[in-house]
Amino acid sequence: MALLETDLKKDNAYFGLSKHEVKKRLDKYGYNEITKKKRKSPILIFLSQFNDFIVWVLIAATIVSAFLGEIADAITILIIILMDGILGFIQEYRTECALEALKELASPTAKVIREGKKMVIKAREIVIGDIVELESGDRVPADIVILKTDFIQTDESLLSGESLPVEKREYDGKSIKPENMLYMGCLITKGKCIGKVIATGMNTEMGKIADMLDSIEDSKTPLQEKLNKLGEYLVYLILIICALVTATGIIRGENIYKMFLVGVSLAVAAIPEGLPAIVTVSLALGVQRMMKKNAVVRRLPAVETLGCTQVICSDKTGTLTQNKMTVRKIYLDKLYSITGEGYNTKGEIQYNGLTVNLERNEAFKKLMECSVLCNNAVLEKNNISGDPTEIALLVMAAKCGYTKEKLKNFMLIKENPFDSDRKMMSVLVQKDGKRYLFVKGAAEKILQRCKYKISDDDIVEFTEKDKKFLLNINDEMAKEALRVLALAYKQVDRDDTENDLIFIGLLGMIDPPRREVYNAVLECKMAGITPVMITGDHKLTAAAIAKEIGILGNNDKVLTGDELNKLSDKELEKIISDVKVFARVTPAHKYRIVKAFKRKGLVVAMTGDGVNDAPAVKEADIGIAMGQAGTDVTKEAASLILLDDNFATIVAAVKEGRIIYENIRKFIRYLLSCNIGEVLTMFLSSLLNLPLPLLPIQILFVNLATDGLPAMALSMEKGEKDIMQRGPRRKDESIFSDGLVHKIILRGILIGVCTVTAYAISLNYFGDIIVSRTIALGTLIMSQLFHVFECRSERQSIFKLGVFSNKYLICAVLSSLFMLIFIFYNPFMQRIFYTHPLNIVQWFIVLLFSGTISLISNLYWYKK
Ligand code: ATP
């Protein structure tokens with residue numbers, strides 16, 4: 001500790017560590033992690049594939065059959081079980097990897113200064129000695145001693161159980177006391193600071209006492225839970241049918257042991273044990289696709305809810321707009337305009353199209369000073385960072401020759417940071433022994449605190465008339481979609497509060513909508529989703545932008561925070577469906593808005609960035625945090641994080657959510673109808689007193705060839721074209737809604753009946769049990785391979801979708817087909833699987849009974 005204390009006093013404390021030093025310390029102390037949750041080892045995942053009672057029964061039965069002399073049979077069965085296990089392993093391993101990658105992405109970050117530069121790094125890469133910047137909403141990434149702060153408060157409840165926020169102080173250079181420390185995992189509730197890391201990972205206080213919460217919850221989604229339940233029922237049902245098949249066989253005089261093996265094999269084949277795994281895989285794969293589109297899912301259940309979204313409440317600045325502000329208008333004694341684009345510092349002030357020089361105007365000078373000093377952004381050649389509103393002010397000032405460098409003889413004494421409740425900020429600065437307070441913020445907030453104004457270089461009284469007049473100017477600018485800031489100052493003697501200010505001027509800045517937002521809003525509307533704008537900005541600014549991007553229609557309402565305050569919850573609920581823009585709201589309003597939508601029974605997504613947004617984000621069905629502008633708390637409360645803070649990404653995620661859900665329906669349909677077909681084939685044959693249509697080995701082969709790959713390929717469907725032209729599905733809607741159960745049962749029955757018919761005809765016609773069984777096997781497998789194409793859509797024919805548009809499915813079907821041909825025509829395989837090489841007539845029977853129904857149903861849908 002002694003070494004660290006001298007280290008803390010070094011002059012270059014804010015310069016931070018060098019890359020080389022960071023690497024050295026990382027090697028020495030390791031990553032800044034509490035405990036790395038052990039990944040499930042691949043071997044364990046593989047072994048868990050066989051951890052199933054029915055599979056154990058089958059293995060036991062197989063071993064018995066080996067002793068009874070059926071060695072080839074036994075080996076084949078074991079190989080098939082092994083291959084099934086490998087398929088299951090691939091599915092589960094991919095899921096594990098996808099979830100792991102997800103955790104990595106959602107992992108917390110921290111702002112550090114290294115080699116004199118501010119940068120955002122993964123919190124786990126922090127080392128002892130790093131200089132860290134923290135502000136309200138941040139989670140403390142390591143144990144940190146405070147080097148500089150005006151005011152900072154933390155919530156240490158995680159560590160001490162104390163629920164009240166604790167105020168902390170700057171380190172005085174002597175000995176480090178707890179009041180100078182910020183501890184890992186605690187939350188900054190107010191203020192900001194610069195600090196130095198003195199302990200990381202397991203050496204932190206948190207590391208000593210507890211395991212941190214995992215950033216991602218591995219919770220099961222409601223659908224997964226429901227499917228698990230369904231799976232349990234199906235197991236019982238299938239076991240009963242298998243027992244019946246076994247019993248009828250034995251009554252008919254078949255070998256008891258053989259019938260037992262038939263029953264167990266049928267149970268293994270027909271129990272959709274792969275279902276939960278494929279559901280997880282398709283959720284995880286969907287999550288990966290979303291990640292590629294910049295949406296990080298923090299909770300798997302959110303994927304399901306996304307598809308049901310009915311209302312998307314979105315922040316304006318930065319989400320619907322580009323957050324690239326440019327000052328366009330300046331009001332001093334009259335309204336000037338300022339030229340120039342983006343962050344380019346070339347531009348000039350004009351009045352009526354003519355360039356003017358305001359150098360001698362006192363208000364102009366103060367406007368520039370306030371813009372530069374009451375500002376935390378950085379505008380340097382290679383480093384532009386900070387709040388875009390403030391960057392815009394620096395760019396404007398630079399156009400007029402005012403920079404931080406030029407005003408460096410103003411010394412910062414204290415800052416009252418901006419927050420979206422106050423909608424203003426101020427700084428106390430000192431120059432030549434005199435102190436000044438510079439204030440900027442929303443016009444109506446600043447104007448009501450003004451007592452004087454600058455007029456012809458004089459300070460005169462600021463009247464009610466002035467205020468009214470300026471509010472009108474404010475409205476005029478706002479109607480042009482400009483964000484307006486008012487600037488004021490005062491010389492401070494004793495009272496440094498933000499009152500009795502001298503009004504300086506107004507600034508109007510443009511923040512153009514993101515280009516992709518127009519389409520995204522349109523897409524939302526077509527998909528039956530209502531986009532709603534929620535902003536701290538002025539009513540008229542918000543309305544102008546909302547109109548431009550299509551959120552606000554002619555008959556829609558705009559509601560301000562003040563108006564909202566006057567409404568009771570009931571009244572709000574009544575009108576909320578008509579309101580498309582909420583302006584001048586605070587985070588507390590957001591919470592009320594979410595609640596009101598939810599009470600109306602709507603599924604609502606809500607974005608947030610600031611620390612105060614967290615409750616609303618948590619309350620929403622889909623809480624969305626901004627990846628760039630968002631604070632740690634909001635991210636932790638959210639189920640979705642937007643890496644690019646873009647509204648269009650929310651819409652893309654909703655679309656992906658719908659696709660994933662549809663895909664799950666697709667393979668459930670496929671797997672269940674196929675399993676019904678398999679069970680019925682055996683059951684009907686025994687009812688009809690026919691000899692066994694399939695031997696145990698053949699049943700297991702059907703399972704191997706049709707269950708795994710084709711079902712997995714269905715989960716890779718890209719989504720039908722009209723997926724965003726349908727309304728959202730109800731949240732409580734069953735996965736089997738829209739007649740899916742009927743489709744599954746009917747198709748299952750048809751597969752079974754067709755297979756048994758083909759088998760019975762073959763028995764009659766060819767009189768050879770091996771040929772007939774081969775035909776039954778071919779018919780059953782081919783029916784399923786045809787059926788998988790039907791499952792690609794519930795609304796369209798495969799011909800409209802494009803037969804080859806899912807490449808994975810084509811590969812899966814071809815590989816199953818190849819396996820089938822292989823066991824039919826390879827002499828060695830024929831002996832193992834008791835098959836016969838089919839001739840053209842026999843293939844005709846197979847294709848007739850397996851393909852006709854698929855063809856008819858596809859033609860039916862094609863015509864529709
Ligand atoms: P949203 O992101 O929710 O769409 P917003 O970013 O426009 O809203 P806030 O950041 O809460 O909303 O800003 C509200 C108002 O506060 C703005 O209209 C502006 O007048 C004022 N304001 C914004 N940023 C600053 C700042 N850095 N300093 C002073 N005032 C500001």
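Student: What are residues 744-763, helix or strand?

Tutor: Over residues 744-763 the chain is 100% helix and 0% strand. The end C-alpha atoms of that span are 28 Å apart. Helices are DSSP runs of H or I with at least four residues, strands are runs of E with at least two, and both are numbered from the N terminus. This is a predicted model: local features need pLDDT of at least 70, side-chain atom pairs count only at pLDDT 80 or more, and totals for chains, interfaces and linings use all residues. Residues are numbered from 1 along each chain as its sequence is written, and side-chain values use heavy atoms, with hydrogens and water left out.

Student: Where does UniProt place the feature "transmembrane region"?

Tutor: The unreviewed UniProt entry lists residues 43-68, 74-90, 233-253, 259-285, 744-763, 808-828 and 840-862. UniProt positions follow the numbering used here, feature names are shortened, and annotations may be inferred rather than shown by experiment. One of these spans, 808-828, is 95% helix and 0% strand in the model. Its end C-alpha atoms lie 30 Å apart.

Student: How many helices and strands does the protein chain have?

Tutor: The protein chain has 31 helices and 28 strands. Its C-alpha atoms fill a box of roughly 115 × 70 × 45 Å along the principal axes. Of its 864 residues, 53% count as buried.

Student: Which domains does the assignment give?

Tutor: Domain 1 is 5-30 + 108-212, and domain 2 is 43-99 + 217-294 + 653-863. Domain 3 is 311-321 + 514-644, and domain 4 is 326-510. These bounds come from an automatic or database domain assignment. The C-alpha centres of domain 1 and domain 4 lie 34 Å apart.

Student: Why is strand β23 called largely enclosed?

Tutor: Strand β23 covers residues 530-534, and four of its five residues are buried, so the rest of the structure largely encloses it. Buried means under 20% relative accessible area, exposed means over 50%, and partly exposed falls in between (1.4 Å probe, protein chains only).

Student: What makes β9 and β23 a pair?

Tutor: Two strands pair if DSSP finds at least two bridges between them. Strand β9 (residues 311-315) and β23 have five, in the parallel sense, so they qualify. I312 stands opposite P531 in β23. Strand β25 (residues 579-583) runs parallel to β23 and is joined to it by two bridges. There, I534 has F582 in β25 as its bridge partner.

Student: Why is K580 called buried?

Tutor: Its relative accessible area is 12%, so K580 counts as buried. D556 has 24%, so D556 is partly exposed.

Student: What makes D556 and K580 a salt bridge?

Tutor: A salt bridge needs a side-chain nitrogen of Lys or Arg within 4 Å of a carboxyl oxygen of Asp or Glu. D556 and K580 meet at 3.1 Å, N to O, so the pair passes. The pair links distant parts of the chain, 24 residues apart: D556 sits in the loop between α17 (539-549) and β24 (557-560), and K580 in strand β25. The whole structure holds 46 salt bridges.

Student: How do you know that K666 and E720 form a salt bridge?

Tutor: Their closest N and O atoms are 3.3 Å apart, so the pair is inside the cut-off. K666 is in helix α23 (residues 647-687) and E720 in the loop between α25 (708-714) and α26 (740-766), so the bridge ties together parts 54 residues apart in sequence. K666 is buried at 2% relative accessibility, and E720 is buried at 4%. Salt bridges with shared partners join E662, K666, E720, D722 and R726 into one network.

Student: Why is I79 called partly exposed?

Tutor: The relative accessible area of I79 is 44%, so I79 falls in the middle class. I79 lies in helix α5 (residues 71-105). With I71, I75 and M83, I79 makes a nonpolar surface patch of about 360 Å². Patch residues have over 30% relative accessible area and no salt bridge; like charges are joined within 9 Å, nonpolar side chains (Val, Leu, Ile, Met, Phe, Trp, Tyr) within 5 Å. Areas come from the Shrake-Rupley method with a 1.4 Å probe, and for residues only the protein chains shown count as cover.

Student: What is I641, buried or exposed?

Tutor: I641 has 5% relative accessibility, so I641 is buried. Its place is in strand β28 (residues 640-642).
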